[in-house]
Amino acid sequence: MRVHVADHPLVTHKLTVLRDRTTSSPTFRALTSELVTLLAYEATRSVRTVPVVIDTPVARTEGVAIADPKPIVVPILRAGLGMLEGMTTLLPSAEVGFLGMVRDEETLEPAVYAERLPADLHDRQCFVIDPMLATGGSLIAAIEYLFDRGAVDVTAVCLLAAPEGLEAVERATAGREVTVVLGALDERLNERGYIVPGLGDAGDRLYGTV
Ligand code: PRP
Ligand code: URA
């Protein structure tokens, strides 16, 4: 598994405001979008392209276009939805699939409650977006879902991760083509499975249900 942790003052600055408990939901949503766009730049570094020839007003030249089949972006509902616009701003031709998952706050086990994905993901580059990688249970389940449908290449974009969860994803996906792009790798998980220092419950903060 490849892991890339953003090392950029703008990412750290925006994460600092995001973490602050006094930040309002509208600001939280705006910052999430901005952060995703910064992380998507790194996450899409290996997006497949094909050469194309175009005419500028001055000369004929070679460039690239995003290859077919187009990549697919999969937000994990609910919190991942807050990252969708930032991701599709950078990858407007991507298809979007949805996975609804909720973590049982007692057992910390994820459960799938909704799914709208193409049945066949053979040869598709998949980008999973979810702000929080805590125990890793939700991301592992999402990646397994995509591999079961034929995906061969999954990149996850998360704002924050706990080391315990990142290690769990690495163990569960050994031998697979998986990349994780993070805004920051935090200290640890607490006894309730929350990322420390973290930012609290991302879904609640995005959608004002605190
Ligand atoms: C949060 C988060 C991840 C998951 C991370 O979602 O957005 O999907 O928890 O935890 P894990 O790594 O321990 O599985 P949650 O289940 O709270 O649902 P929500 O997005 O609807 O708030
Ligand atoms: N889900 C969240 O939204 N936050 C955490 O810290 C852990 C799981």
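Colleague: Which α2 residues do Leu10, Val11, Lys14, Leu15, Val17 and Leu18 in α1 meet?

Modeller: Helices (H or I, at least four residues) and strands (E, at least two) are DSSP runs, numbered from the N terminus. Residues meet, touch or are in contact if their C-beta atoms, placed from the backbone, lie within 7 Å. By that rule the α1 residues meet Phe28, Leu31, Glu34, Leu35 and Leu38.

Colleague: What kind of model is this?

Modeller: Residues are numbered from 1 along each chain as its sequence is written; chains are lettered from A and ligands numbered from 1 in the order in which they are written. Local features need pLDDT of at least 70, side-chain atom pairs count only at pLDDT 80 or more, and totals for chains, interfaces and linings use all residues; the model is predicted.

Colleague: Are α1 and α2 roughly parallel or roughly antiparallel?

Modeller: Axes are lines fitted to C-alpha atoms, for helices over the stretch in contact, and angles run from 0 to 180 degrees between N-to-C directions. The axes of α1 (residues 9-19) and α2 (residues 25-43) come within 10 Å and cross at roughly 155°. Angles under 35 degrees count as roughly parallel, over 145 as roughly antiparallel, 65 to 115 as roughly perpendicular and the rest as oblique. So α1 and α2 are roughly antiparallel.

Colleague: Which residues does Met132 contact, leaving aside neighbours within four places in sequence?

Modeller: Met132 lies in strand β9 (residues 132-133) and is listed in the UniProt annotation "binding site" (unreviewed entry). UniProt positions follow the numbering used here, feature names are shortened, and annotations may be inferred rather than shown by experiment. Beyond those neighbours, Met132 contacts Ala79, Cys158, Leu160, Ile195 and Ala202.

Colleague: Which residues touch the most other members of the largest nonpolar core?

Modeller: A nonpolar core is a set of buried Ala, Val, Leu, Ile, Met, Phe, Trp, Tyr and Cys residues joined through C-beta atoms within 7 Å. The largest has 51 residues. Those touching the most other members are Val128, Ala142, Val157 and Cys158.

Colleague: What is omega for the peptide bond from Leu77 to Arg78?

Modeller: Most residues other than glycine have a negative phi, and most peptide bonds are trans. Asp68 and Pro69 are joined by a cis bond, with omega about -10°. The bond from Leu77 to Arg78 is cis as well. Arg78 is in the loop between β4 and α3, and omega for its bond is near 5°.

Colleague: What is the phi of Asp123?

Modeller: Asp123 lies in the loop between β7 and β8 (125-129). Asp123 is partly exposed because 13 other C-beta atoms lie within 10 Å. Although not a glycine, Asp123 has a positive phi of about 70°.

Technical notes. Contact = placed C-beta atoms within 7 Å. Buried ≥ 20, exposed ≤ 12 C-beta atoms within 10 Å, placed from the backbone.
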